[in-house]
Amino acid sequence: MIFHETPVDGVRVIEPERRGDDRGFFARVYCEREFAEAGLVNHYVQVNNSLSAKKGTLRGMHYQLAPSSEVKLVRCVRGALWDAVLDLRPDSPTFGKWFGAELTAENRLMMYVPRGFAHGFVTLTEDTEAFYLVSDFYAPQEERGIRWNDPHFGIKWPVEPTEISAKDAAWPDYDPEYHGVERFRGIK
């Protein structure tokens with residue numbers, strides 16, 4: 001695997017290193033040892049799968065507060081999506097900064113989302129399917145979200161979302177107390 005740095009501290013885009021011949025190719029998409037050597041979380045407790053039927057479907061920006069904060073490893077297995085992460089760690093040199101990348105079934109890239117980040121995506125094709133590993137169990141009492149178009153952060157989405165759940169559309173404007181960013185203090 002090839003671990004690409006991004007402009008946001010701790011976030012990686014991971015590219016499978018293909019070994020191919022006339023039959024096709026083989027590529028490793030996860031290796032506990034390689035993740036540990038790269039300084040990344042290498043233990044996951046859930047594997048989630050989502051299907052978005054319509055192009056322009058937005059899911060996010062979700063996260064869980066500490067002590068239930070999650071690391072996510074996200075891959076698009078059908079169609080295409082634009083994956084976005086937002087740094088909510090108050091001690092981070094990139095606090096409040098976001099990064100986005102296109103993940104497709106064809107490019108097979110993965111987004112590594114550290115603890116203390118909000119995460120979401122918008123689909124670029126119909127019938128887009130995402131598959132992701134999560135390091136902590138879902139804890140509804142610790143769930144929070146940042147509204148996808150909160151002007152405090154100014155995420156530049158590549159397409160205007162056309163499908164948004166009522167829950168995702170209703171997340172409040174950024175408020176450090178509600179959004180619990182102090183609970184991310186010290187998370188690296």
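Visitor: Which backbone nitrogen does the side chain of Thr94 reach, and at what distance?

Guide: The model is predicted, so local features need pLDDT of at least 70 and side-chain atom pairs count only at pLDDT 80 or more, while totals for chains, interfaces and linings use all residues. Residues are numbered from 1 along each chain as its sequence is written, and side-chain values use heavy atoms, with hydrogens and water left out. A polar contact is a pair of N or O atoms within 3.5 Å; within protein, one must be able to donate a hydrogen and the other to accept it, and residues adjacent in sequence count only if both atoms are side-chain atoms. The side chain of Thr94 reaches the backbone nitrogen of Asp9 at 3.2 Å.

Visitor: Is Thr94 buried or exposed?

Guide: Thr94 is found in the loop between strand 8 (80-87) and strand 9 (98-104), strands being DSSP runs (E, at least two residues) numbered from the N terminus. Buried means under 20% relative accessible area and exposed over 50%, with partly exposed in between (1.4 Å probe, protein chains only). At a relative accessible area of 12%, Thr94 is buried.

Visitor: Which strands stand at the edges of the open sheet?

Guide: Six strands form this sheet in the order 1-2-10-7-12-5, with antiparallel pairing; two strands pair if DSSP finds at least two bridges between them. Strands at the edges have a single partner each, so one side of each is left without a neighbour in the sheet: these are strand 1 (2-5) and strand 5.

Visitor: What is the bridge partner of Gln46 in strand 12?

Guide: Strand 5 and strand 12 run antiparallel and are joined by seven bridges. For Gln46, the bridge partner in strand 12 is Val134.

Visitor: Which strand supplies the largest share of the lining of the largest pocket?

Guide: A pocket, on a 1 Å grid over the protein atoms alone, is an open set of points where a 1.4 Å probe fits, with protein on both sides within 12 Å along at least five of seven lines; lining residues have an atom within 4 Å of a point. The largest pocket is lined by 23 residues, and Asn48, His62, Lys72, Tyr132 and Glu143 lie nearest its centre. Strand 5 (46-52) and strand 12 (128-134) are among the elements that each supply at least two lining residues. The largest share, six residues, comes from strand 6.

Technical notes:
Helices (H or I, at least four residues) and strands (E, at least two) are DSSP runs, numbered from the N terminus.
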